[in-house]
Structure formats: C-alpha cells, structure tokens
Amino acid sequence: MKGVSKTSLRTKVMLLNISMVFLVLIMIGGLVVRIIISEVQDDMGEKALIIGRVVARSPEVQEAILSDSPSEVLQPLSESWRISTGAAFVIVANMDQIRLSHPILANVGTPLSNLYRDPVLHGKEYVYVGQGSLPPSLRGNVPVFVGGKQIGFISVGFYLDKIYREIFLNLTPLIYVFLIASAFSVGGAMLIARNVKKAIFG
C-alpha cells in the first residue's frame, strides 16, 4: 500500500509540472504565432501597395489608360510586373471598373467582380482580403492620378495559400523550440517527481 501511495504522489507531481509547463508554452506559442501571422500579412500587404504605387506612377501606364487602346500596352506590362515581383496578379482598371489588364487574357475588357472598392474609387489606397474571379488573395489597391484627377486604379494581389506557406516557414523554428522545450519539461517533471519524497523529508 505504501508503494502505491508513493507512485501516486510521483505521478501527480509529474503531471502537475508537465501541465503547468505546457500551459505556459502554449500561451507563449500562441502569442508568437499571432505576431508572426500579423507581421507576414502586413509585409505582404505593404509589398502589394509598393508595387501598386510604382505601377500607378508610371507615365507609360497613365498614358495608356487615357489612350484609345489601353490594353495593348497595359496587358504585357502588367504581366511583366506580375512575373518579376512574384505577385499573383497586377490588374489595371479604369474608373468604370473595367479590367484593362488581367492575368486571364479572356477577362481583359470585362467588368471587375463585385467587391468593396469604395476607398480606391475615392482616391485612397488600402489592403483587404477578397475573392473575385481569382482565388482568395490579399490585395492592395492604389489609385492612379493624372494632373490631380483620378483615372483608374491598380490592384495587386498575393494568393492566400502562398501567404500561408510563408507563415508556416516562419513558424518552423518555433515548432522545433516547442518540441525541445516540451522534452525538457517532461524530463524535468520526471526528475522532480522521483525526488519529491526526499525533498519534503518523507
């Protein structure tokens, strides 16, 4: 009976220590994960806006939007920017929300999907998550101005699955740290439990 009591005490102390350590690790891990996700999304959103600003300020783009055949110039330019920057798409649209360029050639000249664009149509850039004719993506919309008048806008996006892969790559070191810390916590809990009777003088 004495042996059963001793084993029971060891088990309880070990489980208590492991539970407390795991709780702390989970809380810290959850906080770090949220920070990493937020940073990756912010970085990708800022990248989309930067690309959009560069395209919007290009004289060639501005002149093409005002021309009679804008897509002849904008389609190859947009695809070149899309490939060189790694973006999922770089779309140029006029104020009537007509696609002047699009990664799917058949969509050029057609109306954009019905998404929330009030900010960019009123001259403000912003980042949002949406899904139109393309898969879900994080998008940055930037207005195009000529002489103080808005003539269109640029939409640059990165697919969410790519962003999730980026987040996972950033989380990989954290997973290793969590596993190592867990192993140490279990070993430490077992050591404490083994010597608990001696520590409390029997």
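Guide: A residue is called buried when its relative accessible area is under 20%, exposed when that area is over 50%, and partly exposed in between. The model is predicted.

Side chains of opposite charge can pair when their charged atoms come close. Glu 46 forms a salt bridge with Arg 53, in which the closest N and O atoms are 3.3 Å apart. Arg 53 also meets the side chain of Glu 125 in a salt bridge, with an N to O distance of 2.5 Å. This second pair links distant parts of the chain, since Arg 53 lies in helix H1 (residues 2–56) whereas Glu 125 lies in the loop between helix H4 (118–121) and strand E2 (126–130), 72 residues apart. Glu 125 has a relative accessibility of 34%, so it counts as partly exposed. Taken together, Glu 46, Arg 53 and Glu 125 are linked in a network of salt bridges.

The structure holds three salt bridges. One of them joins Arg 82 to Glu 79, whose closest N and O atoms are 2.9 Å apart. These residues are three positions apart in helix H3 (residues 70–85), and therefore about one helical turn separates them. With a relative accessibility of 22%, Arg 82 counts as partly exposed. Glu 79, at 18%, falls under the 20% limit and so is buried.

Glu 39, Asp 42, Asp 43 and Glu 166 form a negative surface patch. Helix H1 gives the most to this patch, with three residues.

Tyr 176 belongs to helix H5 (residues 160–194). Because its relative accessibility is 54%, Tyr 176 counts as exposed.

Strand E4 (residues 149–159) has nine of its eleven residues buried, so it is largely enclosed by the rest of the structure. E4 pairs in the antiparallel sense with strand E1 (residues 89–94) over six bridges, and Ala 93 stands opposite Phe 153 in E4. E4 also runs antiparallel to strand E3 (residues 137–146), to which ten bridges join it. Val 146 stands opposite Lys 149 in E4. E3 and E4 form a hairpin with two residues between the strands, and Gly 147 takes a positive phi near 60° there. In a regular strand the side chains alternate between the two faces of the sheet.

To return to the charged pairs: Arg 53 connects Glu 46 and Glu 125 within a network of salt bridges, while Arg 82 and Glu 79 pair within helix H3.

Notes. Residues numbered from 1 in each chain as written. Predicted model: local features only at pLDDT ≥ 70, side-chain atom pairs only at ≥ 80, totals over all residues. Heavy atoms only, no water. Helix = DSSP H or I, 4+ residues; strand = E, 2+ residues; numbered from the N terminus. Buried < 20%, exposed > 50% of the residue type's maximum accessible area, 1.4 Å probe, protein only. Salt bridge = Lys/Arg side-chain N within 4 Å of Asp/Glu carboxyl O. Pairing = 2+ DSSP bridges. Patch = residues over 30% accessible without salt bridge, like charges linked within 9 Å, V, L, I, M, F, W, Y side chains within 5 Å. Areas by Shrake-Rupley, 256 points an atom, 1.4 Å probe, with all protein chains shown as cover. Lys, Arg positive; Asp, Glu negative; His and termini not counted. Charge placed at Lys NZ, Arg CZ, Asp CG, Glu CD.
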